[in-house]
Amino acid sequence: MASGVQVHETVLTIFNEMKVRKAQPSEEERKNRKKAVMFCLSENKKEIVMEEGREVLQGDEGDPFLAFVSMLPPDDCRYALYDATYETKETKKEDLVFIFWAPESAPLKSKMIYASSKDAIKKKFTGIKHEWQVNGIEDIKDRKTLAEKIGGASVITLEGKPLDECCHHGK
């Protein structure tokens, strides 16, 4: 059942900016490129909008994946776009991932409206290969989970960090 929620045009603008990659970005462009962005329902629940201040830029200090995970609200739903940079044994890749964050602890009403509005935002994001519904911090806090989502077992690094950083299995 569709919820009748509209997607604000800035959401589309952000998506298109994240989707289009410049071959030779300037240092300034590279630093200000959005790495992750969160979207939420507007106050009146009529529109999906970018959540103010909830973004990670390419030039930000620290690990973008951890920064993103730390922004997820523990008890409410969100949509997010995450621009994953990863390596397989053969090649370096970048892929946009659409994430639907619906933690167990979110109010039922919120889960229902976010679930029923998901198609509205997803339809706007043409060409996204990866969609991931996450139901709790346990599902996302380990970068391995995202790596598996986007490239299966062939992924060896995510955001420049080896996946087996924590536990070397003698590979």
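Before we start: two strands count as paired if DSSP finds at least two bridges between them. Also, keep in mind that this is a predicted model.

Q: What is the average pLDDT of the protein chain?
A: Start with the share of residues that score at least 70, which is 94%. The average over the protein chain is a pLDDT of 91.

Q: Which residue of strand 3 stands opposite valine 37?
A: Strand 2 and strand 3 run antiparallel and are joined by six bridges. Within strand 3, the residue facing valine 37 is glutamate 55.

Q: Which residue takes a positive phi in the hairpin of strand 2 and strand 3?
A: This hairpin has five residues between the strands. The phi in question is near 65°, and it belongs to lysine 45.

Q: What is the bridge partner of valine 7 in strand 3?
A: Strand 1 pairs with strand 3 over two bridges, in the parallel sense. For valine 7, the partner in strand 3 is isoleucine 48.

Q: Within what arc do the buried residues of helix 1 fall, seen down its axis?
A: Helix 1 covers residues 9-19, and Val11, Ile14, Phe15 and Met18 are buried there. Those buried residues line one face of the helix, because seen down the axis they fall within an arc of 100°. Their cover includes strand 2 and helix 4.

Key. Residues are numbered from 1 along each chain as its sequence is written. This is a predicted model: local features need pLDDT of at least 70, side-chain atom pairs count only at pLDDT 80 or more; totals for chains, interfaces and linings use all residues. Side-chain values use heavy atoms; hydrogens and water are left out. Buried means under 20% relative accessible area, exposed over 50%, partly exposed in between (1.4 Å probe, protein chains only). Helices (H or I, at least four residues) and strands (E, at least two) are DSSP runs, numbered from the N terminus. The arc is that of the directions from the helix axis to the C-beta atoms. Contact means heavy atoms within 4.5 Å. pLDDT is the predictor's confidence in each residue, from 0 to 100.
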